[in-house]
Amino acid sequence: MLQVRCKNINLTKSFPEGCSLLDVYKGFADNLKMPYPVVSAKVNNASQGLKYRLFHNRDVEFIDARDGSGQRVYVRSLCFVLYKAVSDTFPASKLFIEHPLSRGYYCNFKKRGGEPLTDEDVARICRRMHDIIDADMPFRRMESTTEEAIRIFRDRGFTDKVKLLETSGQVYTDYYTLGDTVDYYYGPLVPSAGYLRVWGLERYQDGLLLRVPDGKNPLELAEKVEQPRTFGVFAEKVRWDIIMHLSNAGDVNKAILSGYGSELIQVSEALQEKKIVKIAEEIDARFHSETNPIRLVLITGPSSSGKSTFCKRLSVQLLACGLRPVSFSTDDYFVNRVDTPKLPNGQYDFDNIETVDYHLLGDHLSRLMNGETVEVPEYNFVTGKREYNGKKLRLSGDSVLIIEGIHALNPLLTKGVDDTLKYKIYISALTSISLDDHNFIPTQDNRLLRRIIRDYNKGAFTARETISQWKSVCEAEDQWIFPFQETADVMFNSALNIEFAVLRTHAELILSSVPKNCPEYAEAHRLLKFIHYFIPISDKEIPPTSIMREFVGGSSFKF
């Protein structure tokens with residue numbers, strides 16, 4: 001008999017060797033009262049599906065779709081149901097599950113004859129999804145040699161999966177079946193389709209929007225948020241991915257193995273520089289406009305999006321246009337630490353807009369816009385107090401003021417400045433590349449890997465500490481950054497197709513340092529598994545002005 005400890009209730013019971021997590025869940029059912037349906041579990045802090053079998057003593061924690069790993073299991077399983085419904089309803093069609101959007105997932109759907117998608121098409125797919133779910137069709141995990149899995153997917157025309165598996169370096173591979181439909185997923189699924197009761201599917205732009213449960217209440221759909229600008233940025237990036245023949249991880253790996261890694265870096269950097277030049281030229285043109293010329297550039301984005309480097313590179317291009325950029329730090333307008341708002345747990349809430357004295361900042365901005373000289377404060381992070389040390393600021397006739405920070409697009413920050421004088425920029429790592437056609441890469445994973453590496457290199461936090469803080473970071477972004485992203489005049493995508501191959505060389509050792517006996521191991525383990533899909537490449541060809549240098553080190557900019 002095995003000894004299994006349920007971490008949810010700190011209770012240990014005996015179970016027969018080879019029992020499944022479902023068996024264990026039923027064994028604890030009388031004591032374990034979960035507020036929402038269980039979808040997966042963590043075994044010794046590593047995410048596993050409920051069909052996973054135990055052969056040794058283990059700690060088990062059951063999770064629902066509120067947990068990040070539980071949400072991924074749910075969404076992954078729902079994607080398989082969608083794919084089966086599409087392939088059953090429209091044989092020989094193509095489904096691409098591309099990226100998170102509008103609190104759901106955007107899917108590109110191509111019918112066999114190339115006809116446009118209709119509402120009736122969506123209704124047919126929905127009916128088939130309902131049939132699969134109502135029948136509680138089981139998901140079955142199959143294990144085979146990688147050569148056999150490659151043969152199976154090649155016979156079905158899945159070149160994306162063939163390329164991924166050919167470059168994976170794995171001897172054995174898991175894949176899944178749902179009825180007679182075969183697919184590949186890089187993480188566990190729920191036991192059967194009947195677990196997936198909360199979902200929605202609708203036409204969105206020229207494709208589909210797969211809607212999923214709310215992260216706080218999995219019994220309800222996440223509220224849809226219209227994101228036309230974000231969709232446009234993703235669409236632009238996907239077009240370039242297709243032009244460069246880099247739509248998925250297998251494409252990147254094949255290119256690296258063929259000796260094109262250096263070229264990919266150069267082209268990716270050139271595309272970003274081209275976009276920055278275009279933004280600078282637009283600011284310059286509007287700066288010299290006779291009516292309502294731009295005087296204030298606002299730059300915001302979530303954590304590890306590359307705001308600091310982008311701001312430096314934009315300043316260089318503005319100088320090349322003949323303008324004189326002046327940076328303005330919102331950090332210097334922090335309220336005294338004793339006046340900083342606090343979270344429910346008593347810790348300081350440094351992401352709250354009330355952390356910034358936006359009344360004073362707004363007054364100074366208005367005076368600067370009117371040509372006045374302003375004595376600006378300097379924040380002493382040691383004492384936690386704002387000081388005045390004689391630092392004065394005044395804008396000349398060719399000056400443009402740049403404010404970069406998480407609250408830059410919040411109207412409260414600049415309400416004293418006419419909107420016609422503002423140019424708003426939103427920057428984020430909007431990852432468009434996928435593992436394969438049905439396995440998207442969450443944009444948060446891109447930023448989390450960047451942050452882990454940067455924090456470690458600077459000696460600020462260990463990987464464990466960065467991972468432990470990530471949930472609160474994301475919650476703050478949901479409250480203070482994302483609501484304003486669609487108000488931007490332009491969005492800049494800081495993600496690079498070659499990025500994960502470069503990050504792997506830095507992240508492996510750092511992530512491997514996270515102890516197995518802590519909760520953060522689950523995320524470290526998942527990220528390690530994920531980056532192993534990419535062939536590693538050295539960062540020696542990454543230029544010193546690259547946004548990547550902000551995270552892996554070696555930047556020529558001073559921050």
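Thr-330 lies in the loop that runs between strand S14 (324-329) and helix H10 (358-369), where helices (H or I, at least four residues) and strands (E, at least two) are DSSP runs numbered from the N terminus. The model is a predicted one, in which local features need pLDDT of at least 70 and side-chain atom pairs count only at pLDDT 80 or more, while totals for chains, interfaces and linings use all residues. Residues are numbered from 1 along each chain as its sequence is written, and side-chain values use heavy atoms, with hydrogens and water left out.

With a relative accessible area of 9%, Thr-330 is buried, a term that stands for under 20% relative accessible area, as against over 50% for exposed and partly exposed in between (1.4 Å probe, protein chains only). Not counting residues up to four places away in sequence, Thr-330 touches Val-356, Leu-361, Ile-403, Glu-404, Gly-405 and Leu-413, contact being heavy atoms within 4.5 Å.

The largest nonpolar core has 98 residues, and those with the most contacts inside it are Ile-125, Met-129 and Leu-201; such a core is a set of buried Ala, Val, Leu, Ile, Met, Phe, Trp, Tyr and Cys residues joined through side-chain atoms within 4.5 Å. Its largest share, 11 residues, comes from helix H2 (residues 68-89). A second, separate core of 40 residues includes Leu-368, Val-376, Val-417 and Phe-484. Leaving aside neighbours within four places in sequence, Leu-201 is in contact with Leu-82, Val-122, Ile-125, Cys-126, Met-129, Leu-208, Leu-209 and Leu-210.

Helix H7 (residues 249-257) is largely enclosed by the rest of the structure, because 7 of its 9 residues are buried; the buried ones are Ala-249, Gly-250, Asp-251, Val-252, Asn-253, Ala-255 and Ile-256. Their cover includes helix H5 (159-166), helix H8 (261-287) and helix H13 (499-512). At the start of H7, a side-chain oxygen of Asn-248 reaches to within 3.2 Å of the backbone nitrogen of Gly-250, and after H7 comes Gly-259, whose phi is positive, near 90°.

H13 also packs elsewhere: the axes of H13 and helix H14 (residues 521-531) come within 10 Å and cross at roughly 145°, with axes taken as lines fitted to C-alpha atoms, for helices over the stretch in contact, and angles running from 0 to 180 degrees between N-to-C directions. On the H13 side, Phe-500, Arg-504, Ala-507, Glu-508, Leu-511 and Ser-512 meet Ala-524, Leu-527, Leu-528, Phe-530 and Ile-531 in H14.

How values were computed: A polar contact is a pair of N or O atoms within 3.5 Å; within protein, one must be able to donate a hydrogen and the other to accept it, and residues adjacent in sequence count only if both atoms are side-chain atoms.
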